Every structure is written in structure tokens, then in C-alpha cells.
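Work through the exercises below with the sequence and the coordinates at hand. Each task is followed by a solution in steps.

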Amino acid sequence: MKFTLSWLKEHLDTDASLTAILEGLTKVGLEVEGVEDPAEKLGAFRIARVLSAAPHPQADKLQVLSVDAGEGEPLQIVCGAPNARAGLIGVLGRPGDYVPGLDVTLKIAAIRGVESRGMMCSMRELELGESHDGIIELPADAPVGQGYVDWAGLSDPVIDVAITPNRQDCMGVRGIARDLAAAGLGTLKPLNVPTIAGQGECPIEIRTEDPEGCPAFFGRVVKGVVNGDSPEWMAKRLKAVGQRPISALVDITNYVMLDHGRPLHVYDLAKLSGPLVARKAKPGEQVLALNEKTYTLDETMTVIADANGADDIGGIMGGEKSGVTAATTDVLIECAYFTPESIARTGQKLGVTSDARSRFERGVDPQFLGAGLAIATRLVLDICGGTPTQAVEAGTPPSGTKALRYDPTLTAKIAGLTVEPDRQRSILSALGFGIDAVWNISVPSWRRDIDGPADLVEEVVRIVGIDNIPSTPLPRAEGVAPPTATQMQMIERRSRRAAAARGLNEAVTWSFVSEAEAAPFGGGDWTLANPISEDLKVMRPSLLPGLIAAARRNADRGADSIRLFEIGRRYLADRESLTLGLLLTGDRVSRDWRTGRAQPFDAYDAKAEVVALLGAAGAPVDRLQLFEAVSAGVYHPGRSGTLRLGPKTVLAEFGELHPAIARAFDIEGVAVAAEVFLDAIPTKRASVDHMRDAYAPPALQAVRRDFAFLVAADKAGEELLRAVRGADKTAIVDVKLFDIFVGQGVGEGEKSVAIEVVLQPAEKSFTDADLQAISEKIVAAAAKLGARLRG
């Protein structure tokens, strides 16, 4: 929201300096994003008099001027302006001055062989207007030698303020002035709402047939207007805040919108046919908007239409066919109230933004329709002339007011700031709240964001100043503070550290995905009704869509080996699930003279990461069981699996991505992924000691023994490993599979599985008898699975 200092003072009677106003704005919660005084760049330009003008000896269209700048000897200036003449008083730029309209810094130069020591400037060259027909002509009494900016009163700083979505009342200059007045930086001037004596009834019927989207539609006709240029004061203010002056009628609506936060629209009455109606759009109905784009509407959108169809998109943008022009003589001024929810939905569907939409979807003052129409009408009459008709007030706007009960002690209880009741009463009254003797509060219609007593506390505190809240340290017991992290937080921390330590790069992706991205993962259970984008509409059912998209972006930028992980939440139908997702694609091993060509990742790489991360998180990895993957269509059916504790408790899924998924996300080559369900990992019931146990290496050396078993070809190696681990839980500390062989010497339908068993003695070394007994237990445990020791 931009406004000039002089514009602010139209509503605020204040002697405060610009610095004080800027500090006050930020103090009350209206953060100042920038301040710019356009006149600062013109500070060097001086008022000067042309003493003489002679033809240039080498150019017919140039003159050689002698110019008095009020400082010593006259300057010689070469000038091509047709109005340059002796006696003219204009604006002089000297060597070293920067000319913003030309983006050049002046210097002494020879023009067609004649030295020139500056230039006489036009309005366009100083960015004060579009006129470029000649140099600026000032009155005869303009003081030669004085700074042009000071003499012309051009210094008017432009203040840019960030307005948060809850402060719809500050989308106009008057609302900002009200806040500053409440903060003690001046007095809010009374609002002058003119009384318009209409002559005769409105010649066109105005009504609303959409009480949900447009509950109130006010308007009146003004006949006999002249739509010329806006007056200089209005055009100057609009240009200062970035609005391009178009015509008096259009500029008036923009001015009222910026001045009071009240969007309006004007129609050329001659272009309307039949009644003007606020209604729902017909499916497929189209509107050519003022931005020269055609929008196709649906039945959920509100339009303003006449007998020939929709004229504009209600509350968002006017239509081209009924817009005013220089030939317009009769106009209809529209001042309607559109519900914020309807405007937001329509704007998102159409993908169109406008100043009107930004205000209506925040919620404009529903009780300012009559006043807004009267103010706009008075400006039209003063600037464009004409005769107004009586106003039409169709429909009933919502009251916008609320009644609350307030306790002034709440500022101390909620915000920790003690404010005297009389001071609170004064602040709330200055902000427009009504207060009776027992603190019954009536909320003004322009404060849609106030819902309860806590909001009133916020109003008081922000005006008093958040920096006045005393800093109070939290109480702390003596000694070392006990750990506060929950077991789930510790699992998350350990998992994140383990993933990073294993060379994975952490990614942070959106919690929302598109419907197309969610579909391969079973679709999302939760869809946003008001998304910021169609691509961020569904709350993610899996972390993999975001990781896959991130991997694709990295691959597109030349990354050879991509190893990503993310810890976040999946949004399921009944809960949020804390999950660690990982994705590996590209080269697992780069090409090398020792290993040959590059080697891609495979499903076993994903499994290795999953097992390591589960171990770091505290899961009992020695009891994990391998099953087929449950997410059909996500993983390759023959190159994937799940790790579980028992048949029902799924701790992780892993595997190579299904080719259809890879194609859908435009992933080239092999990509493997996994999801570790951290919230499914069993946690200890007793209180958790977050201190690590001291490392105590075993006193005796471990013993390793190798075994080769013949098992059925379809038997999972994990089953054999688990059976061997359970053969002697005291002595066996680790079991590894190091070879699988199928071929000569192995029967058909069988495979040879070689494993290494690590035995750790405790109090004394193993004897041969001890080792023989353990070996027999291992062979017996394997035999229960149908495995036999290979001879």
C-alpha cells in the first residue's frame, strides 16, 4: 500500500516529522517497506532565465542560449526546444546533474562544434509528466537561482507499507491515518460525506439476484459528464503511488479505492441495455476484461450483467464493452459489496489479480456503500460536471458489527503489559470501537478481523507498543536442566543425523502436491479448498513426490549422483505420519579405470539405507522381517519390499520406483526410494535417559565362522539370517550374507547361500567344544527352514 505524506495529511492533522511517522507506522504493526521522495533526484536543478537565444551556426533546429543561473557568469547552453527564447524562465540542469528521464549525467560537451554547459529541461526529462514539446516555462516571478524542487513544492515522500491480510481497514489511506491518530501522532480529521441531492429517479434498474456473492448493490446515474483529464492534484497523487492516470472518471474510482479502501466501477450508460443485475454467471459465459483478456466463467462466479450478458467480473475487474471513454456523457457509478469468500474463489479459478480483488477478498467495510457512492459522486460532479439522479440501494449489506465483552485486566494476563483502563478506553475509542461504562464493546464495521477479547488486547498492545512489554525470563531450576525432548523427537534427531552421516543430502519440499502427483501414491485424503496454486492443492500422501521432483531438478542441472532424504509428515485420512523419505538416482559408483562403467543404484542400496536408519532410530533391526511392498504401483513389483515387526507393523518400504512412476515424473534411468515410518518404531515405555552409554569394547577377540547352506531358490536370504541369529542369542552378535551361488554343484531349484557368523566370547575364550556346539545349533536352526549344510 503506497501513499504520499501530503495524502496522509488530508486525513491526519499532525505536525509529526516524516521520521516519527515512519517509526509510528512500524510500531503499530504497519511495517514500512520503503520511502522514496521523487524530488530528491531533482534537488540539483535550478530555476534559470534565458538571457539570449541565437541560431546555432551548424544546425538549423538548434539554438545557442545564454542562461543566467543566478551564480556568476551566464552559461552557454545548446538547446533544440522550439519554445526556447530570450526572457523565458525554466529549469536548468548543470554538468554533473543526473537527468532521470534520459538516464544520463550531464557533462560539458560540444554539440555540432559549439560547447554546451548543461541543458534546459522538459517535463518528461524530469519525469514530472509526459510533455516533451518544449522546455518547462515558469512564471515571470520565479526566483532565478533557487532550487526548482523547493520552489515548486515537489517534495512529497511516498511511503510503502506492508499490509497483512487481517488489516483490511488499512487498505486505504484513511485507515492508516486512524491508526496513527490512535498512536498519538495527530488527530483524525472528520470524514466529510457529502449529501447528494439527486434529480429524478435512476433511469436504469439496478438489482442483485446473488445475495450470497453480492448481497448489496448501490448505484446512481450522472448525466452530462465530460470525461477529460484528471485535475493535476489527483493525477500527481496517482502517479506517485504507481497508478497510471487514464481519464477523470476512471481515476476517480481508483482514487476513492486508495483513499478509503472502497473499490468502485463506472459504466458508460449508453453501452448498457436493460437492467444492470448482480447475478451468478452462466456456465461458459465469457467476459472481455479491461486487461484485454477474455475469461470463461462458471456458475459459482458473480458477474454484473445487463440484457446483453455479463459486463464485468464482479468485484475483480470491469469489462471492456461497457467501459467509459472520452466520448462518454452519461455514467452509472457502481458501489457494491461482494463477499470475500466468493471473490477469493473466483480470483483463484481465473488466475486474475487486481487492486479491487485484493481489497474485496480481505473484506471491505460493508457499511461504507452509501458514503462511498456519495464521495465518488461528488468528485465526478466537481471534476466532470453533470447532473446526478437519485441513488438506488439494492439488497442489504451485512452489518459487519459485533458485540464483545471485555476485561481491561486481560492485557496483563495475556500480553504481560499493564495498561491503565482509561488509556485502553482511549485507544479503542480512537480506533473506532464503541465502549460503554461496563466494557461492552461494539466492533466497527471496518474491523472484520476482530473476533474476541484477545483481538482487543492485541489492538491495545500494538498501539501502546510491543517494545514496552517487559522482558521476563522464564524460571529455571538450579543445576543442569533435565532433557525436554520427547522420544519421538529423539528418533527424528537420530534419523536426521544418521542420514546426513551416510552421505544423503537433506531436502525440504512442499507439504502440498498437485492432484496428478498424488494420484500414483493413492491420491490425497485432504484437498485444500483455497489453495495458493493448483500445483499445491493436495496434502501429500507420501514424501516421494517432492523428492522425485527435487531429484529431477538436480538431474536437469547436471548432477550425476543424487542422494536425497527428507523428514516430514504424510497426511493420511486419520492422522499425520512422521516419515523419513529417501531417493537415490544417478550413479552409485562413477566410471573408473578400476571398475569400468558407472554403476547405478539398485533396490539393495535402498534397503541398506533403510536398515541403517532404522538401527540409528532405535528399531530392533535384528527382528525385522522382509515382506513384499504394499504400495502397489509405486515400486517395481519384483524389486521392492517392506521391513516389518511381525506381519502387521510396517516400519519401512523400499525398492526401485515403478517404471510408470518414473515416466510420470520424467525421471531417466533407475531410481530407488524408500520411506521409513518413524512413528511406527516402538518406543520405550519407561523414562528415557538421553545420555549415551559409555563405549565398552569387549575384552576378548571375536571369532568368525563361515557356513554355506543349500536352500530353495525362492527362499529369502533374510529368513536364513534371522534363523541363524536366533540359534544362540548370547554368543552370536552378527550374521552377514556374503555370497549367493547358482550353478554347477547346486541342484536345480536350489541356491547356495554363504553366511558369516560373528561369535563374541564373554568371560573366557571359546573352546573347540564350545564352537562345535554353537555350529550344531546354527545347522539345526537352518534345517528348520529346509536348509542343509553344503558339503
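A surface patch is built from residues with over 30% relative accessible area and no salt bridge, and nonpolar side chains are joined within 5 Å. The model used here is predicted.

**Exercise 1.** Find which residues form a nonpolar patch on the surface with I740, and classify I740 by its exposure.

Solution.
- Step 1. The patch consists of L737, I740 and V742. Together these residues have about 270 Å² of accessible area.
- Step 2. Locate I740 in the secondary structure: strand β40, residues 732-741, contains I740.
- Step 3. The relative accessible area of I740 is 48%. Exposed would require over 50% and buried under 20%, so I740 counts as partly exposed.

**Exercise 2.** Describe the strand partners of β32 and decide whether β32 is largely enclosed or open.

Solution.
- Step 1. Strand β32 covers residues 561-571. Eight of its 11 residues are buried, so the rest of the structure largely encloses β32.
- Step 2. Take the parallel partner. Strand β29 (residues 505-506) is joined to β32 by two bridges, and E506 is found opposite F565 of β32.
- Step 3. Take the antiparallel partner. Strand β33 (residues 576-589) pairs with β32 over 11 bridges. One of the bridge pairs is Y571 with E576 in β33.
- Step 4. Four residues lie between β32 and β33, and the two strands form a hairpin.

**Exercise 3.** Give the strand order of the open five-stranded sheet that contains β12, and identify its edges.

Solution.
- Step 1. The order is β6-β5-β4-β7-β12, with antiparallel pairing.
- Step 2. The edge strands are β6 (75-79) and β12 (119-120). Each has a single partner strand, so one side of each lacks a neighbour in the sheet.
- Step 3. Check the β12 end. Strand β7 (residues 89-93) and β12 run antiparallel and are joined by two bridges; G93 has M119 in β12 as its bridge partner.

**Exercise 4.** State how many residues the largest nonpolar core has, and list the contacts of L297.

Solution.
- Step 1. The largest nonpolar core has 112 residues. Those with the most contacts inside this core are L8, L25, I176, F217, L297 and Y406.
- Step 2. Helix α9 (residues 369-384) supplies the largest share of the core, 10 residues.
- Step 3. With neighbours within four places in sequence set aside, L297 contacts A281, K282, P283, G284, E285, V287, V303, I313 and L350.
- Step 4. Another core, of 28 residues, lies apart from the largest one; A499, L578, L614 and A674 are among its members.

Key
Residues are numbered from 1 along each chain as its sequence is written. This is a predicted model: local features need pLDDT of at least 70, side-chain atom pairs count only at pLDDT 80 or more; totals for chains, interfaces and linings use all residues. Side-chain values use heavy atoms; hydrogens and water are left out. Patches are made of residues with over 30% relative accessible area and no salt bridge: like charges are joined within 9 Å, nonpolar side chains (Val, Leu, Ile, Met, Phe, Trp, Tyr) within 5 Å. Accessible areas come from the Shrake-Rupley method with a 1.4 Å probe; for residues, only the protein chains shown count as cover. A salt bridge is a side-chain nitrogen of Lys or Arg within 4 Å of a carboxyl oxygen of Asp or Glu. Buried means under 20% relative accessible area, exposed over 50%, partly exposed in between (1.4 Å probe, protein chains only). Two strands pair if DSSP finds at least two bridges between them. A nonpolar core is a set of buried Ala, Val, Leu, Ile, Met, Phe, Trp, Tyr and Cys residues joined through side-chain atoms within 4.5 Å. Contact means heavy atoms within 4.5 Å.
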